[in-house]
Every structure is written in structure tokens, then in C-alpha cells.
Amino acid sequence: MEVCLAVPGRVTKIEGEKAEVDIGGIRREASLELVSDQGVKIGDYVLIHTGYAITKLDEAEAREILKAWRDVARAELEG
Amino acid sequence: MSPAPSLKDEAVVSLFSKYRDRDLVIKIAERIAEAAGGDPLRIMHVCGTHEWAITHNGLRDLLPEGVQVVAGPGCPVCVTPGGEIDALCRLALEQGVAVTTFGDVLRVPGYKWSLAEAKASGADIRVVYGISDAIRMARQETARDFVHFAIGFETTAPTTAIEVIKGPPGNFSVFASHKLIPPAMEYLLESGAGIDGFICPGHVSTIIGADAYRDLAARYAKPMAVAGFEPLDIMLAILNIALQRKRGVAEVYNEYARAVRGPGNKVALRAMEKAFKVTDAYWRGIGMIPGSGLGLREDYIKYDTAAKYGIAASGGERMPEGCSCGEVLLGTLRPEECPLFGRGCNPEQPVGPCMVSIEGTCAIAFKYSDLKLRSRRP
Ligand code: SF4
């Protein structure tokens, strides 16, 4: 209910512009209208804000940043 | 259709929810120290969720001497003018309209009332999760007029835009109090607030895109990084800003690429462009910031609460008497330095808006401060 919070949820069902998303075990309805050009599919993660998906989360980019964090730390070790 | 991966699939879940690794955080802190080279580095963020993540994870304590991260005006509820809150209370009390809004707006003091006080006096004030809930209520209760108090930055504005474009029922209107972040950043840079770089807000950036800050970074020669909300996201953003400064460049690094694309969310931006025109807006505690607000365009004026009920735009940028939220919002005063912090002002009895919203810098500081314990003692 707070204005600026957005939480990740996994899409479990899609019906037209409405999706059912799983947010940490709780199912909620979310609108896909604002991500209509992002090809959201069942199983994808989206960020949800006040009942609307605002962006699809990109798994490849998530893996990239995990690697970037490790690389930064490693660079320090090698130094 | 292949079945969706189960939530038990740790690898997938951890990609989006568990970027926490203390050892890595500490190593990155060491690299920040190297990159800063002992020179003072003052970085501002403009996002309540970043403030929460920084305070909750104790990141300030891990930063090297001289490297400072300060909170700017990143709480939309906190910068909503008191006069707007009063106007909506009056509308609900005197004209019997139902006012819908987000939960953390309720207890924010206007000058005369808060919406919670109006509610206690019999006004129909309802908390909604989003604007679509408000519209659903309006469709169900056609005999009543509904006003949605639409607060929020670029993250929330597209939700208002898309509903207004779709055409809500005639008994529904929007009091649009949305605000834009880049003009506020520019205002802060212009005001010479001594900021060396910005951590750009993650959720706002999903909409406006990382490219939206490029012009500001270049014109003011300030390094910037869009960051996510895990400790490592924020630490890497700080490291990047420190490294940019060391190399003498001022770019926008998109650390949060898993959620933010360069051009942003085109569908959302198109909806905003269609529904809104850019206006000047009052930020409570700060003042008028040119080009930082959104007003409904002529085509949608019938959904504009201010036009429908003849509410004059009010300044109302003062903070309540004795409250230092203005300085807190500009990052020039830490909440702990406010004489009222924890002594007369706490989340149960807030004096200023920064202590009300869970995104308010004072509320976040209080939650993690020793005073919390002390002030509760009899
Ligand atoms: S502690 Fe209370 S009075 Fe002081 S700045 Fe924060 S909200 Fe305002």
C-alpha cells in the first residue's frame, strides 16, 4: 500500500491483460498493460507496483550482474 | 506449455531476490576506499527504497571515511504539499466525496488536517492498493463521487495515465500530484548542494530509462549510476561513481540492467505523454521546482479533480511548525540531528511527513535507531 514500493513476482497465469503473480508465495492479480510490448510469459518475473507490472526482469542480465559482483571482489583479491 | 519453474527452484529465485553476500559487500567497500583515494565523496540517492536498503543493511557503517551517501527527496508522500492534503480533506468533509489514496498518505499532516483525521470526523477516506481498485469502487458505487489522490513519481504516474486514457466512470476523478525526479535532481545540482554524484532511483528508472539521466550527468559533470536494491547493487553503484570520478568521466552506469533498459518502458512513457502535460510543481519542504509536475491534458480534463471541483492550486510547501523535513529532504540534515527526532516526533506521533511514510528518511532512521528503544521507555 505504499506509494513507491515495487516487488518482484512470478507470473503464474495470464488472461488477456491480467496476470496472476506469485509474490513470495502470495498470489495477486496484476495488470500487464504497461508491459504489453515486453512479451511477458508464464514463469517470467516482473516487478509489480500498485497492481501493475512495470517491467519484466531479465534473467540473463541478472546473471551478468551476479558475475560482475564476483569479478569486482576477485579483482581486489588479485589486486 | 512447459510448467512454470517451481518457487522452490532456488537458483531462479535467488537471481531476483537474494543478492546478499556480506563478504562481497565488504570487499567492494575496500575497493570503494581505493577508488575514492581518501578524497571526500558525497553521493545522493533520491529513493525511499534505497534509503531503506542502505539503513537496513547498515551500509553507511561499511563505507570508508569521507564517502557519504545522503538521502534526497525520494519519498513522494513527504514532498506532497500540505495544502493539497487540506483541500482533499475539505472535499471529503464538505462535499461528501469518497477520497481514495495509498496507505502511507493517510497520516501525513496537512496544515489543518490529515486524511486520517478527516476520516475520524466521518469523511469517506479509503486506502487502495492502486488506482484500479479506486476505479472498481467508483463503478460499483455509482451514486457516490470518487476522487483518487494520485501521488508518486514516474513509477506510479503511468498507472494513472493508463486508467485515465481508458476512460474511468463519470463519478471518478483524479487529483494528480505526480512528480518527476530528473527536474528535482537538476534543482539540487543547481542549488549547489555539494553533490559529487547520484545513485539514480531503480524503480523510477524502469519507466524513464537509464538514458534519461545522461544529459544531466554530462551538463553538470556528475557521475551517476542506476542501482537496484540489494546491498551489492548499491555498493557497486557507489564503486562505479567513485571510479568514474577517479577517471574524470561523468556517465550513467546502469547497474540495474535486469530491470532497467536504456530507453525505459516505452508503453508507460507513451501513456504518460498522452495523458499528462509537464507543469511546475511545489515540493513540500523544498519549494517550486520548474517542470517537475504532471497535470492532465485538456482531453482528460473531465477526470481532473481540481477542474471538476474548482480547487485552486495551492502552494503549501511549508513543513509543519518546528519540523526540519525540508533540510532532511535536501540531504543537509540527518534525521538524528533534528531536535524533535525521537523526542516528540516518532512514527506513532509524527510531526512531519518524513516520519510518516515508510519511505520517509526520518521513519527509516527511527526504525533502526537507539532512540526507538529509549523513547518507548516510560
Ligand atoms: S524528526 Fe520529525 S520533526 Fe524532525 S525532520 Fe523528521 S519528521 Fe520532521
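## Overall build

Chain B of this predicted model holds 17 helices and 11 strands. These are DSSP runs numbered from the N terminus: helices are H or I of at least four residues, strands are E of at least two. The radius of gyration of chain B is 21 Å, close to the 21 Å from the globule rule for 378 residues, so chain B is as compact as a globular protein of that length. Here the radius is taken over C-alpha atoms, and the rule is 2.2 Å times the number of residues to the power 0.38. Along its principal axes, the C-alpha trace of chain B spans about 65 × 60 × 45 Å.

How many of the 378 residues of chain B count as buried? The share is 60%, where buried means under 20% relative accessible area (1.4 Å probe, protein chains only). Among contacts in chain B (heavy atoms within 4.5 Å) between residues at least 6 apart in sequence, 77% join residues at least 24 apart.

## Confidence

Chain B averages a pLDDT of 90, and 91% of the residues score at least 70; pLDDT is the predictor's confidence in each residue, from 0 to 100. Over residues 1-8 of chain B, pLDDT stays under 50. Where pLDDT is low, the predicted coordinates should not be read in detail. For the complex, the predictor gives an ipTM of 0.89 and a pTM of 0.90.

## Reading notes

Residues are numbered from 1 along each chain as its sequence is written, and chains are lettered from A in the order in which they are written. Local features need pLDDT of at least 70, while totals for chains use all residues.

Conventions: This is a predicted model: local features need pLDDT of at least 70, side-chain atom pairs count only at pLDDT 80 or more; totals for chains, interfaces and linings use all residues. Side-chain values use heavy atoms; hydrogens and water are left out. Buried means under 20% relative accessible area, exposed over 50%, partly exposed in between (1.4 Å probe, protein chains only).
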